[in-house]
There are 4 protein chains.
Amino acid sequence: MTLLDQHLLPTTRNLSERYAAIRDRTERLAAPLSPEDQVVQSMPDASPTKWHRAHVTWFFETFLLLPHLPGYRRLREEYAFLFNSYYEAAGPRHARPKRGMLTRPSAAEVGEYRAHVDAAMARLLRDPPLEVLPLVELGLQHEQQHQELLLTDILHALSQNPLLPAYDRDWRDPAPPPGGMRLLEGPEGVQRIGAEGSGFAFDNETPRHRTWLDPYRIADRLVTNREWLEFMGDGGYRTVSLWMSEGWAACQAEGWEAPQYWHQGDGGGMQFGLAGLRPLDPGAPVHHISWYEAEAFARWAGRRLPTEAEWEAACGLPGFLQAHDVAWQWTGSAYRPYPGFRPWEGAVGEYNGKFMIGQMVLRGGSLATPPGHARPSYRNFFPPGVRWQFSGLRLAADAA
Amino acid sequence: MTLLDQHLLPTTRNLSERYAAIRDRTERLAAPLSPEDQVVQSMPDASPTKWHRAHVTWFFETFLLLPHLPGYRRLREEYAFLFNSYYEAAGPRHARPKRGMLTRPSAAEVGEYRAHVDAAMARLLRDPPLEVLPLVELGLQHEQQHQELLLTDILHALSQNPLLPAYDRDWRDPAPPPGGMRLLEGPEGVQRIGAEGSGFAFDNETPRHRTWLDPYRIADRLVTNREWLEFMGDGGYRTVSLWMSEGWAACQAEGWEAPQYWHQGDGGGMQFGLAGLRPLDPGAPVHHISWYEAEAFARWAGRRLPTEAEWEAACGLPGFLQAHDVAWQWTGSAYRPYPGFRPWEGAVGEYNGKFMIGQMVLRGGSLATPPGHARPSYRNFFPPGVRWQFSGLRLAADAA
Amino acid sequence: MTLLDQHLLPTTRNLSERYAAIRDRTERLAAPLSPEDQVVQSMPDASPTKWHRAHVTWFFETFLLLPHLPGYRRLREEYAFLFNSYYEAAGPRHARPKRGMLTRPSAAEVGEYRAHVDAAMARLLRDPPLEVLPLVELGLQHEQQHQELLLTDILHALSQNPLLPAYDRDWRDPAPPPGGMRLLEGPEGVQRIGAEGSGFAFDNETPRHRTWLDPYRIADRLVTNREWLEFMGDGGYRTVSLWMSEGWAACQAEGWEAPQYWHQGDGGGMQFGLAGLRPLDPGAPVHHISWYEAEAFARWAGRRLPTEAEWEAACGLPGFLQAHDVAWQWTGSAYRPYPGFRPWEGAVGEYNGKFMIGQMVLRGGSLATPPGHARPSYRNFFPPGVRWQFSGLRLAADAA
Amino acid sequence: MTLLDQHLLPTTRNLSERYAAIRDRTERLAAPLSPEDQVVQSMPDASPTKWHRAHVTWFFETFLLLPHLPGYRRLREEYAFLFNSYYEAAGPRHARPKRGMLTRPSAAEVGEYRAHVDAAMARLLRDPPLEVLPLVELGLQHEQQHQELLLTDILHALSQNPLLPAYDRDWRDPAPPPGGMRLLEGPEGVQRIGAEGSGFAFDNETPRHRTWLDPYRIADRLVTNREWLEFMGDGGYRTVSLWMSEGWAACQAEGWEAPQYWHQGDGGGMQFGLAGLRPLDPGAPVHHISWYEAEAFARWAGRRLPTEAEWEAACGLPGFLQAHDVAWQWTGSAYRPYPGFRPWEGAVGEYNGKFMIGQMVLRGGSLATPPGHARPSYRNFFPPGVRWQFSGLRLAADAA
C-alpha cells in the first residue's frame, strides 16, 4: 500500500497555507529558548530543540525536494548525515545519543536551513505533482509530532538544571475536569476500529478491522493528582503486590516515589512544568507516569487499564471527556500491527512498523499535542518505563 | 477465583501415583548430571539443576505441607529462604543471580530434602482434604515446567564449557517432519479461545472468551533448519530492513549470525544439543531462536507469525503437525491477560499475572516438555531476545 | 602548613595587574566560542567552557571575597551550588556529569558574574590584608589550570561533531624540534627534588626532599609523530607483549589504533587540533596518548619512561629541550605524596591530596599551558587511560 | 636476565621432596571441600578450587614437562586451553570470568591430571638437567601462591551462601598480638632493598638497589579489630575528609560500613572466616580491608601507611612483630618496577611485569600464606579496592 492509495488529497492551496502555518508554529515553540537551551540533550531518548527543528526540515528535503523538485540543491551536504533520525534507507546518520554534541550548526544556521527548505517547498507547492501531496501531508504530521517532542524534551532538559528555569512562565495547562469520575458503558460485541480512510492517518492505524469486545465500562475522565495522592498515601509505591514484577524492579531501581517532576517539600507538593515550578493542582489530571505506575494504580483502584480497542470504541460516547488535549492515556495493549497491516512502501515504510515490539499503546493526545493533530484512531507508543511524556491514565473495568 | 472453583478434582488414588511418577521423572532427568554439573548457574536467567530439584520441593512444602499437614516439620528452616523463587507473599528469598553460589546443601542433601517432602506428601495424600487437591495438581504442573527448564538450563551451562560435554549421548530428538510446507485455512470470525474448564489449566489460560479472527492461513509444520540456512544464505542476519529496530540492535550487540548452539565450521554445520555436538539435520525444525529472529525470518519469507488466537483456533485442524512435542512456537502476540482475567487467590496468585508485560507468547510445546503437560490453550512466554529455550516458529499469512 | 607559611608575598600592585591579566586571558580563550559551544559537556571528565569560566570565579568568591571582603554579596546564591567542583568543605554541589545541562545561566550571565567578582576583587586588592595574598595567587594559578582544561575540553567537544569545526583556524602549535634524539646523562646519587620555597608552588610539590637516583640517561626531546608512525607500522597496537595487561585490555576495549584525534585516510594522516583538521606533521611531538600507549612505546623502543624524580633532576641540564611548552610528559611514577607531605589547611586542603591514588604523574607543560605557569617541580597527574590531554612522552634508559 | 642466572640451585634430592610436600599440601587444602564447592567461581577475580589445582599442574606441564621431558604426553590436549591463566605466549585460553562453568573435568579428573603430571615430574626430577631446577622452584613458589588464593577464593565463595558454611570448623587463626602499639625508629638515609640474591625471589623483587629514606617510625604490630571499631564508632566510614576521592566513591558505591565478612547484629559483632561465623576477636588484627580503608584509617589515626621501602628496611628490627604470618600489610607504594628491573626471559616473563600498573603493594604475608613462602623482600600487590584478601595494615609516621 502507498500513502497515495490511502489518503484523499488536500487541495494544493490549503496545503501551502497549512505548510506555512505548521512550520511557523515550530519556530514559535522554539522562540522562548536560547541557543544554549536549544543545543543540549538531557538523555539519549530526548533530542535538542535545534535538532528537532533541523530534522523535520531534513524530512522535507529528503523525501520531497530531492526526489521531486528538479534542480534542488542541499544547503549543506553534511546535514543529511546530521539530521537523519533512523531511516536506514536514507543513509548513515549521526549517533542518537550524540545529538547534544552539535554545537554547530548554530541555532541561527538551523533557521537558515529551515528558510532554505521553506523557499524550495514553496516552489514545489506552487504546482505540485499529484503524488507528492500525501508526502507533504506526512511531512507536516511528522513535524507536528516533533512539536510535541520538542516540548517534552526541553521540559526534561530544564528539569535537570537545579535552577529549574521555566520554558514559558505564561504557559497555561488545560482547566481541570468538572468532578467525580463516572463509568460509561462501552460498546460491545464485534466492533470496528482503525482509521476510517478519509483524512490523514499513519500506517499503524490501518487497516480498519473488526475486533470483539466483551462488555466493559470506561471512565469519563482521567485520574487526577488528588487520586494519585491517595494511592501514594496508601503506600502505592511501596506495595509490591500492586506491581508487575518488571515494574517493581524499575520502581526500586529508579527510586520512584511520585510522578516525574513532582517536588514534595514542606510547604505542600510542587510540580515542575512548562510554566516552571508551580503548586500541584489536585484536580488536574496526573501525568508523567510510566505504564508500570498506571497499571499499579489501576490495580490498587480495583480497576484496570482499557485496551486500545475499548478506548477507541468508547471515544465518541457522550460524556467521554479529556480525549485529546490533556494527557496521553496508557492502555493495556502492547503496540503490535493490526491484522492485515502493511507498512508504507519506500523509505517512509520505516516510519512506524519497525518499532512494533517492546512498547505499549497510549491513546488520546496531550496538552503538548498540536491542535487538530490527534484523532480517535491515533496510536502513540512508548516503552512501559518511560515517564517524560505527558502520560496519564483513564480507568476501565469489566462489566459487572 | 480460586483453583478449587476452577478445576475438576482428580481422584485421590490417581493423584498419589501421578505425584510419584512426576517426582520420579525429575530425578531421572537429573541422574546423568554430576554434583558439579548440578551446582552451576550459567546466566541469571537459568538456574542450577540442584536448585530446580529443591525449588519444586519447596513449593509442595510451602503451599501444601505447612498449611495442610498437621505436625509437618521443615527439614531445614533455611531452605525456605534458599528455594523460594519469586513469591513475595512467601517471604524473603535468595537473590536469583546467586543461585549458583549454593554449593551447600549438596546434591545429595537435596535428594534427602526431596525424600523428606515426598514422605510427608504421601501422608497427606493418604486422605487429603478436598481443597488441597487442586494445589497438588498445581505443584505437579509446576514441577513439570521445571523439568523443561532443567533441560534448557543445563544445556546452556554445558554449552559454556569448551569441552562441550553431552547431557546424554543417547538423547534422541523427535524425527523431522514429512516434507514441504502447506498452508491450512484457519477458522475465522468470532472464535472462542482459552481453557475449556475441564482438566487443569493455569490461570493465564482463563477465562475462555470470544475473539475475532480475520481470514488467515497457517503452516502445517514448523520452519526447518534447511529453510533457516536459506535465510542465512540470503543475508538474513545482515539485512536491516527485515528486522524490528530493537531486534536489529540485539542482533548487532550480541553478534548473532545463526541460531544459538550452532557451530559452523569447515566440515559443515554442527549443532550442540542434549546429545552433545552433532551434525545439523537440515530437515529438523529450527530452534534456539529469539522472537526477533523468528519475526525477521517471517518477513523475509513474505509471511508473518500467527497470533496466539490464530494458533489456538487452528491447533486442532486436520494436518496441523508438530503442535506440542518439537519446539515452542513464537507468536505475534504480546503476553497480556485475557479479558476478564483474575489471578488465583493467595500466594499462588503470583504464579503468572505479574509477568504479563515485556514478553511474547509461545504456543505448543517442545521436545523438552514432559509428555502430557502441554495443551492447545497453554501459554508459554519469554522476552523477545531469549534464545536458550527450545523455541522455533510456524508461519502464517493473511488470506489472499 | 598554610599557604602563607609557604610562599613569599608578591607585591600588591603586581598582584592587581596580574589578576586582571590572567582573568582577561580566560575571556580571550573563550572568545572564539559561541554560547552553544560553551554549554556542552562531551564526557564526564570534561567541563563546559562556561562552567570553567564560572567555576574559577566561584573560587575567588568563596575563598577570598566571602571571608575577607566585608559586605560582599553574592550575585546569585545558586551559583555556590552550581559552580563548586569538588570541595566537600564548601558545601553541596551540582553533579559533575550534569554540568552540560546548565543552559542557564547563559554565557552572557556568566560574563556578568565574572564582572561582579572582578569588581569586588578590585576592592579587596586595593588594600589587601596580608593573609589573603597567597590565596589570591592560588586563585590565579587555579584559573590558569582551568585555562588549559578549557582548551583540552573544547577540543574534545568539537571532535565529537562530525563537522569537525575548528576552535581557532589561526592557532599555531609550537615548531617541531631540531633533529635526532640524543640521550643526556642524568644527575645521579642523592638528589633533591620538590619546590624550592621561593615562588608559588602547589602543596603536592612539597616538601623538597632527598631521593636516590641510579645512573640513567634521558632524551633531549620528545618522541615525534614520525617515531610513533614507526611504532604503528611495526604493529605496536597489535603486539600484546609490549603492553601492560591493563593497558592491553583498554586498547582492545577502546579500539585504539593511533593517538586520539588522528584521522588516517587515503591521502595520508590528518590530525584534529585547535586549528581544526590538518595534515599530520611528522616532526612534531606526538600527543593525545595514554600512559598505557606511552609505556608500550617505550618498551618497543627498548627504553623506558623516566621517573618523575629523574625528570626533575634532569630538567635543567644543557640540551634538555621541550620542557614546558609542547606536551605533558608521562613518567613512570604513580602520583603519591612526597615524604613529609602536608596538605594545606582549610578547604583548599582538598586541592590535591585526595587525588593521590590511581593516577600517573606527567611532568613539563604543554602548548595549552599558560605561559609562565609551569615549572620544573610541577606535578600534573591523570589516570593511565586518559588521552584527551596534550600528553606525550620523553624516553629514558638505565645507564649502560 | 634468566631465572638460572639469578638463583642458587637447590640440591636435586631436596627438590624432589620439596615438590612432593608442596603438591601434597595443595590437595590437603582442597580436601575439606566437596566437588560442588570446588567448581564455583563467586566473582571474576576469584577462581574455583578445582581450577587452582589444575592450573598449577598445567604450569609444570607447560614450562617443565613439554620442553624438558622427552616423550611426555599431555593427559588431555584441551587442558592446555582450559587451565592457562594469562600467559599470552603459551597460547589461547578459557575466559577468566567463565572458570566457574567448568563442571567437567570433574574434581576427581583433576586429581588424575595432578597424578599424571606428578608421575612425569618424578621422572624428570630423577636426573634433571641443570637449567630446569630454577623453573621447578618457580613452579613450586607459584603453587604456594595459589594455595593462598585457594583459601581466599573459597572463603569468598562460601560467604555468598546464606548458610555461611565453614571451610574447616577446626581452623585456628594466629593468636592476637601482646598489647599496646609501639613505634619503632626505622633505618634512615641511603638504604638497600630488594632480594639479596641467595634463595629464590620473584623477578619483581629485583634488582637489589639503593633508595633514600627520610627519618620515620613504624608500628611494631598491626592495627587490631578493637582499634578499627573505634574508627567506626568515630564515624570513619561516614567522614569524607578522611578518604581519598576515589576511595570515598568506592565506599559509597559498595556501601562499606565495616571490613568485609563482618556481620554486626544485636548480640555483638561476628566475623566470617575459614572456621565459619565466629565472634569478633577485638585483639586480633583487622583484615579484609581495602587500601582505601587502610589509608583512611591511618589518616584518622594521625598516621600514615609506610612505603614499601620503609617496611622492608624496618622488617628485621627487634620488636617488629607479625611480619609474615598474620595479614598482608598495605603500603603507601604503588606497584611499579624497581630501578633496573628486567622481567625473566621467555614465557615466564609475563609472571609479574605486566601487572605493574593500577595496583598497590602489600608487604608481609598472611595466615593463609604457606609457611616459609614469604620473605622480607616479597612484594604482593592488588588494586586499591580489593577486600577479599587477608589484608590489614601497620601504621607509620614521619619522625617528629
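A search of the whole predicted structure finds 100 salt bridges over all chains, a salt bridge being a side-chain nitrogen of Lys or Arg within 4 Å of a carboxyl oxygen of Asp or Glu. Because this is a predicted model, local features need pLDDT of at least 70 and side-chain atom pairs count only at pLDDT 80 or more, while totals for chains, interfaces and linings use all residues. Residues are numbered from 1 along each chain as its sequence is written, chains are lettered from A and ligands numbered from 1 in the order in which they are written, and side-chain values use heavy atoms, with hydrogens and water left out.

One salt bridge lies within chain B. B:Asp24 pairs with B:Arg28, with the closest N and O atoms 2.9 Å apart. Both residues sit in helix H2 (residues 12–30) of chain B, four residues apart, about one turn of the helix.

Chain A contains 11 helices and 12 strands. These elements are DSSP runs, numbered from the N terminus (helices, H or I, at least four residues; strands, E, at least two). The C-alpha trace of chain A spans about 65 × 55 × 35 Å along its principal axes.

Chain A and chain B are superposed by a rotation of 180 degrees with 0.0 Å of shift along the axis (RMSD 0.0 Å). In chain A, the C-alpha nearest the axis belongs to A:Trp212, at 2.7 Å. The same surface serves both copies, as 100% of the contact residues of chain A recur in chain B.

This contact takes 29 residues from chain A and 29 residues from chain B, contact meaning heavy atoms within 4.5 Å. About 2200 Å² is buried between the two chains, 63% of it from carbon and sulfur atoms. Buried area is the accessible area (1.4 Å probe) that two parts lose on being put together, summed over both. A:Trp212, A:Arg336 and A:Ile357 lose the most area in chain A, together 27% of what that side buries. Two salt bridges cross the interface of chain A and chain B. A:Arg342 and B:Asp398 meet in a salt bridge through their side chains (3.4 Å, N to O). On the side of chain A that touches chain B, strand E3 (209–213), helix H9 (245–254), helix H10 (291–300) and strand E8 (328–334) each supply at least two residues. The largest share, four residues, comes from E3(A).

Chain D meets chain B through another contact.

D:Glu36, D:Met101 and D:Arg104 supply 31% of the area that chain D buries against chain B, more than any other three residues. Four salt bridges are counted between chain D and chain B. The side chains of D:Lys50 and B:Glu36 form a salt bridge (3.1 Å, N to O).

Definitions and conventions
Copies are superposed by least squares on the C-alpha atoms of residues with pLDDT of at least 70 in both.
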